[in-house]
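Keep the viewer open as you read.

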Amino acid sequence: MGSLISLRDICKTYNVGDVPLKVLKNVSLDVDRGEMLALTGASGSGKSTLMNILGCLDRPTSGSYMLDGVEVSNLDNDGRADVRNRKIGFVFQNFNLLPRTSALENVIMPLGYTASHLSEKEMVRLGEKMLKKVGLEDRMAHEPSQLSGGQQQRVAIARALVNSPKILFADEPTGNLDSKMSEEIMKIFREINEVEGVTIILVTHEPDIAACAKRVVKIKDGEVGSDTILR
């Protein structure tokens with residue numbers, strides 16, 4: 001299969017006033033295509049910084065990041081945005097849906113930036129297909145305020161998948177959900193991973209959510225503290 005992600009000696013330093021603060025220290029990590037990996041660690045461990053670099057939202061201070069065979073560590077903002085649009089989907093804790101906009105319109109919104117070759121009709125058809133995939137075919141016209149938290153997160157997952165990304169990042173995706181809803185959302189992630197072959201990286205501090213992944217990488221003090229295969 002080969003590595004989809006290959007990090008070598010990634011460092012990230014922020015300047016707090018005149019004091020350099022090293023948040024990531026020589027992180028090296030490989031993630032194969034089709035993996036489902038949980039990134040865990042205490043608050044302040046550096047896991048969110050690492051996710052921002054992996055998701056091409058930020059760039060490292062030094063080190064190499066190969067994503068799908070391309071060196072992306074030194075890309076500028078536009079270059080990173082292009083990679084995100086073509087290869088990456090995001091799901092966040094607070095859903096990030098547009099209010100007063102239907103579930104279907106929320107899902108097809110990214111296509112306006114990345115799939116201008118599609119007609120409006122094709123975009124709608126694709127959006128409907130994604131919402132069916134997450135079990136929301138009867139809620140397509142509903143706005144976020146008319147949906148439960150779990151349903152809003154499913155809309156967010158459908159939106160993240162609409163561009164057929166190679167990799168899906170989920171940042172505390174069950175943080176605002178009760179345990180029953182959390183289970184349902186994790187079941188959807190597992191299906192996407194196993195059936196569609198999408199590589200999934202979950203960022204979570206919840207052990208039971210991390211246990212749903214196939215591999216757990218724990219970040220401690222800006223370094224890889226442990227790397228465990230679960231199944």
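## A buried aspartate in a hairpin

At 14% relative accessibility, Asp68 counts as buried; the term means under 20% relative accessible area, while exposed means over 50% and partly exposed lies in between, with a 1.4 Å probe and protein chains only. This is a predicted model, in which local features need pLDDT of at least 70 and side-chain atom pairs count only at pLDDT 80 or more, while totals for chains, interfaces and linings use all residues. Residues are numbered from 1 along each chain as its sequence is written, and side-chain values use heavy atoms, with hydrogens and water left out.

Asp68 sits in the loop between β4 (62-67) and β5 (70-71). Helices (H or I, at least four residues) and strands (E, at least two) are DSSP runs, numbered from the N terminus. The hairpin of β4 and β5 has 2 residues between the strands, and Asp68 takes a positive phi there, near 55°. These two strands pair in the antiparallel sense over 2 bridges, where pairing requires that DSSP finds at least two bridges between the strands. Val70 in β5 is the bridge partner of Leu67. β4 also pairs with strand β1 (residues 3-16), again antiparallel, over 5 bridges, and Cys11 stands opposite Ser62 in β4.

What does Asp68 touch, leaving aside residues up to four places away in sequence? Its contacts are Leu4, Arg33, Lys87 and Lys166, with contact meaning heavy atoms within 4.5 Å.

Thr199 belongs to strand β8 (residues 199-203) and is buried, with a relative accessible area of 1%. Beyond residues up to four places away in sequence, Thr199 touches several others, including Leu4, Val31, Arg33, Lys166 and Ile167. Thr199 and Ile167 are 32 residues apart in sequence, yet 4.6 Å apart in space, C-alpha to C-alpha.

| Group one | Group two | Distance |
|---|---|---|
| Asp68 side chain | Arg33 side chain | 2.9 Å |
| Thr199 side chain, polar atom | Gly34 backbone nitrogen | 2.8 Å |

## Helix α5 and its two sides

Helix α5 (residues 120-133) has 14 residues and reaches 20 Å from its first C-alpha to its last, close to the 20 Å expected at 1.5 Å a residue; the expected span is 1.5 Å times one less than the number of residues. Met123, Gly127, Met130 and Leu131 are its buried residues. Seen down the axis of α5, they fall within an arc of 95°, so they line one face of the helix; the arc is that of the directions from the helix axis to the C-beta atoms. Their cover includes α3 (103-108), α4 (111-114) and α6 (149-161). On the other side of α5, Lys121, Arg125, Lys129 and Lys132 are exposed.

## The cores

Leu131 is also among the residues of the largest nonpolar core, which has 42 residues; Leu131, Ile157, Phe189 and Leu202 touch the most other members. Such a core is a set of buried Ala, Val, Leu, Ile, Met, Phe, Trp, Tyr and Cys residues joined through side-chain atoms within 4.5 Å. A second, separate core of 27 residues includes Leu39, Cys56, Ile88 and Phe169.

Technical notes
A polar contact is a pair of N or O atoms within 3.5 Å; within protein, one must be able to donate a hydrogen and the other to accept it, and residues adjacent in sequence count only if both atoms are side-chain atoms.
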